[in-house]
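I opened the notebook to record what I looked up in this structure. The entries follow in the order in which I made them.

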Amino acid sequence: DLVAGGKTNRNRANLKPCPETPPGLIGKITINARNFTESVTNDDSLRRVVYGGRYSPDDCVARERTAIIIPYRDREDHLDILTRHLHNILQRQQLEYRIFVIEMALPTQFNRGLLANIGFLFAKETGDFSCFIIHDVDALMMNDKNLYRCGSQPRHLVTGSTKFRTWNDEYGLPYGSYMSGVIALTDSQFTQANGFSNVYFGWGGEDDDFTNRVQRANMKFERPEKDIGIYLAIPHETDSTNPKNPARFGILDASAARQTIEGVNSFYNNRQKIKYKRYAIEYRRYYTWIL
Ligand code: BGN
């Protein structure tokens with residue numbers, strides 16, 4: 001019984017649950033925007049990560065076993081910053097967790113919803129997770145009290161991001177029903193919504209579709225307190241190789257009719273189970289990478 005950190009702990013069965021409120025939290029985190037990794041590279045947390053990007057506290061039993069799922073393409077610098085940042089904070093939050101990075105084989109157009117579904121299915125196959133977090137690659141949480149746990153309803157962990165800053169709010173949202181960036185759902189919540197739609201290729205719409213799915217499944221997104229769910233978006237150029245999907249408006253309009261026939265349960269029309277071919281899997285230092 002080798003636990004995280006490489007130490008053998010034969011008394012795991014006797015461990016107490018971790019406290020409801022993790023004792024080591026700091027609150028608002030300062031991130032050096034000119035040198036993102038500076039604040040975490042000196043931290044012991046990176047040494048405690050087990051290859052494949054996982055961790056489990058060795059002095060208590062975590063209250064949540066969280067799978068972080070990052071739909072990904074072509075943002076290696078962001079991934080490096082985000083994963084270090086997460087290891088640093090999620091360990092302070094005393095979570096058991098693992099980071100999965102799901103990448104689509106080119107030349108297919110990016111499909112964030114499909115990757116989220118596959119990440120969810122893959123994580124379920126891999127471990128016994130109590131919470132699934134679909135995470136943008138460029139979103140850095142700025143308050144470690146934003147616990148990466150699930151709730152009795154699906155959770156939108158973002159109350160504001162620098163990506164949507166306005167003249168009077170450093171951390172904004174583009175519109176009230178925006179539920180994207182970082183979301184946390186249990187297996188049953190994600191399944192009840194039938195996951196994401198698989199048919200949005202290119203940029204935009206898949207997240208609004210998912211918001212509608214959650215609502216139609218009689219659930220409601222909840223957010224943390226305003227000053228807790230704040231995020232720094234790593235600045236980047238518009239991604240010219242992931243163009244806006246011009247069909248997204250029409251697809252979104254017809255979203256209700258597709259909810260039960262395509263999603264995490266099936267690819268389309270229930271004719272086939274969602275299928276994907278795994279080209280590669282690598283247990284990298286800070287995350288598990290699946291192509
Ligand atoms: C919305 C996009 C979202 C995106 C947000 C924030 C659409 C659907 C057509 C109405 N939605 O406009 O996908 O996350 O902007 O950038 O394009």
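This is a predicted model: local features need pLDDT of at least 70, side-chain atom pairs count only at pLDDT 80 or more; totals for chains, interfaces and linings use all residues.

Entry 1, ligand shell. I list the residues surrounding the ligand as P174, S180, G204, G205, D207, D208, R248, F249 and L252; a residue is near a molecule or strand if its C-beta atom, placed from the backbone, lies within 6 Å of it. Which element supplies the largest share of the shell? I found that α7 does, with three residues. Both α6 (206-216) and α7 (248-253) give at least two residues each. Helices (H or I, at least four residues) and strands (E, at least two) are DSSP runs, numbered from the N terminus.

Residues are numbered from 1 along each chain as its sequence is written.

I consulted UniProt, where an unreviewed entry carries the annotation "domain: Galactosyltransferase C-terminal" for residues 170-237. UniProt positions are given in the numbering used here, feature names are shortened, and annotations may be inferred rather than shown by experiment. I looked up the span 170-237 and found it to be 25% helix and 12% strand, with its end C-alpha atoms 20 Å apart.

Is β4 enclosed or open? I record that five of the five residues of β4 (residues 131-135) are buried, so the strand is largely enclosed by the rest of the structure. A residue is buried if 20 or more other C-beta atoms lie within 10 Å of its own, exposed if 12 or fewer, and partly exposed in between, with C-beta atoms placed from the backbone. On one face I see C131, I133 and H135, and on the other F132 and I134, all of them buried.

I then looked up the partners of β4. Strands pair if DSSP finds at least two bridges between them. With β2 (residues 65-72) the pairing is parallel, over four bridges, and I69 stands opposite I134. With β8 (residues 182-185) it is antiparallel, again through four bridges, and I183 is the bridge partner of I134.

The largest nonpolar core has 66 residues, and I69, F100, V101, F132 and I133 touch the most other members. Such a core is a set of buried Ala, Val, Leu, Ile, Met, Phe, Trp, Tyr and Cys residues joined through C-beta atoms within 7 Å. Beyond its neighbours within four places in sequence, I133 is in contact with T66, A67, I68, I69, Y148, V182, I183 and A184; contact requires that the C-beta atoms, placed from the backbone, lie within 7 Å.

I traced three strands in the order β5-β9-β7, an open sheet with mixed pairing. β5 and β7 (160-161) are at the edges with a single partner strand each, so one side of each is left without a neighbour in the sheet. Three bridges join β5 antiparallel to β9 (residues 230-233). I noted L140 with L232 and M141 with Y231 as bridge partners. β7 and β9 pair in parallel over two bridges, and S161 stands opposite Y231.

I placed K145 in the loop between β5 (139-141) and β6 (155-156). It counts as partly exposed because it has 19 C-beta neighbours inside 10 Å. Leaving aside neighbours within four places in sequence, K145 is in contact with L25, G27 and I228.

D74, in the loop between β2 and α3 (76-92), has phi near 55°, a positive value in a residue other than glycine. Q94, in the loop between α3 and β3 (96-103), likewise has a positive phi near 55°. Which of the classes, buried or partly exposed, applies to D74? I found D74 partly exposed, with 13 C-beta neighbours inside 10 Å. Q94 is buried, with 24 other C-beta atoms within 10 Å.

Methods: Two residues are in contact if their C-beta atoms, placed from the backbone, lie within 7 Å.
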